[in-house]
2 protein chains.
Amino acid sequence: MTFELTILGSSSALPTAGRYPTAQVLNVSERFFLIDCGEGTQIQLRRTGISFGKIRHVFISHLHGDHYLGLTGFISSRNLLGLRSDLHIYAHSDLVGLIQPQLNYMKGEMGFEVIFHPLNFKKPGLIYSDKVCEVWSFPLKHSIPVCGFLFREKQAMPNMIKEKIEEYNIPFREIQGIKRGEGFTTAEGIFVGHDDLTKPAPPSRSYAFCTDTIPYEPAAEFIRGVNLLYHEATFLSDMEQWAEKTLHSTARQAAEFAGKAEAGKLIIGHFSNRYKSVESFLEEAAAIFPATILAEDGKSYPIE
Amino acid sequence: MTFELTILGSSSALPTAGRYPTAQVLNVSERFFLIDCGEGTQIQLRRTGISFGKIRHVFISHLHGDHYLGLTGFISSRNLLGLRSDLHIYAHSDLVGLIQPQLNYMKGEMGFEVIFHPLNFKKPGLIYSDKVCEVWSFPLKHSIPVCGFLFREKQAMPNMIKEKIEEYNIPFREIQGIKRGEGFTTAEGIFVGHDDLTKPAPPSRSYAFCTDTIPYEPAAEFIRGVNLLYHEATFLSDMEQWAEKTLHSTARQAAEFAGKAEAGKLIIGHFSNRYKSVESFLEEAAAIFPATILAEDGKSYPIE
């Protein structure tokens, strides 16, 4: 089962020659969740070869332009490609007024519905759930309302031990029941318990997305134990006061936050264009939270 | 004096991994005119190193998304960079309703004015004029109102022949008058005519931009003799019927149009993403109009 993050854009508000504004795709068992949609997202999708049609859910953290200005182009191209599946957008309710005029002006009939789901910026909430995973939004703290997102696989049922099926001649119709916790009684009347017939499924995986924000303690609580955490690190510690003033985080703060959240791994991004190189971000963060990596546009990060 | 076109984007509505939606910059003696502003324009400006601050005039041909969706991001970044010069946008009046909600939602105070100048889609009109050049809009024909743009250097005054200044001991204060057409009378009372004192300036140069459109004869009339013509060639002749239906042009039609316009050189772009390679566009057009070149993102084309 795939659980893989692809970074499409990792710059802060001002893009650079090598970094696009924020956008990511999380692939959870072939569900492709688009997280933020900065300008140029559709071009990065072309480059990474991610199918427009597989993206049916878009999560927008907040309404600064570098996090949503790629939406109209993405929707327009998705339509021009002839796709017909509805598109669900989870965002601040103000988004409708910002992009609907452009959608109304688009050429051609829309072949699918764009369905807006307003987020709650006051408290965490479950915003998506299907057979294999769920998505939660939770408040962060920035100059305008912003939500983080937590993507979590559901715990899969245990796997049958193949040899036991043969050994006890277990009919197919019994398998689901055994996976759900039942035992099995053989033709000879011998009862074999659930634990002897199954092995536990691998633990479920999780990913949390936190940008734009100061290091916000209630969020660390909420996502505690997450496998992979993306946290913004717009500045280095030399700019900590400016980070505070603009309600962003430094690399050090992102690392401290990852520690508090007991994250498995930290990926940092949203780098300010004032820094020529991003290596110092890694140095600063890894000194505190060694399992840190740098976001890089176009690169994919499987979560094991 | 510079007169140079830089292509930022040359794809049609659907961008590809290698081509952005339409955007160009024309540099006329250090005036940087942005022509169309598809999604990703600001990223291409970063890559080509063209200064955001030097762009003070933006010309939008029509309101399909692939020609204007980069505007909000460009304006936002221009503001974040601390630039203070006003920005003039020449476009259909509907543009205001499409991008003003997003501009109003931007973070931070705007440090400059965005001034909208509505275009006339019924007949040609002078829309910009300064000391060295002028810009005209003129109607084209597509599924929604669309204008082409003609950029023309003003004819410079003739240059003084340096040796004559020494020979006749001409004082500095007389120079402007002579350039404007006067003669000069020496201290000895000898009259020397304007033509003997000056040599003509190089002829003025011009550039015309025509997209999205069918090959539209009145436009060929209007731009007759243009030095460099950009004309869309969305399809090859194999798709001529589809081109007609969608009100676009084929490479052959672009070449025929260039011939009618007596253009010096033709540059074609706005290639449909259905073609894997663009070499066939060049073959098809150059067979009719040999001085044809292909638009390439990030490349500059000086006009001699």
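This is a predicted model: local features need pLDDT of at least 70, side-chain atom pairs count only at pLDDT 80 or more; totals for chains, interfaces and linings use all residues.
Two strands pair if DSSP finds at least two bridges between them.

**Strands of chain A**

Strand β8 covers residues 133-139 of chain A. Six of its seven residues are buried, so β8(A) is largely enclosed by the rest of the structure.

On one side of the account stands strand β7 of chain A, residues 125-129. β7(A) and β8(A) run antiparallel and are joined by four bridges. Within this pair, A:Trp136 of β8(A) lies opposite A:Leu126. The link between β7(A) and β8(A) is a hairpin of three residues.

β8(A) also pairs with strand β9 of chain A, residues 147-153. That pairing is antiparallel too and has seven bridges. Here A:Pro139 has A:Cys147 in β9(A) as its bridge partner.

The two pairings are set out below.

| Strand pair | Sense | Bridges |
|---|---|---|
| β7(A) and β8(A) | antiparallel | four bridges |
| β8(A) and β9(A) | antiparallel | seven bridges |

**Contact between the chains**

Chain B has 30 residues in contact with 30 residues of chain A. On the side of chain B that touches chain A, the elements giving two or more residues are α1 (41-48), α2 (71-80) and α3 (95-104) of chain B. Of these, α2(B) gives the most, with five residues. Sorted by class, this side of chain B holds 13 nonpolar residues, 13 polar residues and four charged residues.

Terms used:
Residues are numbered from 1 along each chain as its sequence is written. Chains are lettered from A and ligands numbered from 1 in the order in which they are written. Two residues are in contact if their C-beta atoms, placed from the backbone, lie within 7 Å. Ala, Val, Leu, Ile, Met, Phe, Trp, Tyr, Cys and Pro count as nonpolar, Asp, Glu, Lys and Arg as charged, and the others, Gly among them, as polar. A residue is buried if 20 or more other C-beta atoms lie within 10 Å of its own, exposed if 12 or fewer, and partly exposed in between; C-beta atoms are placed from the backbone.
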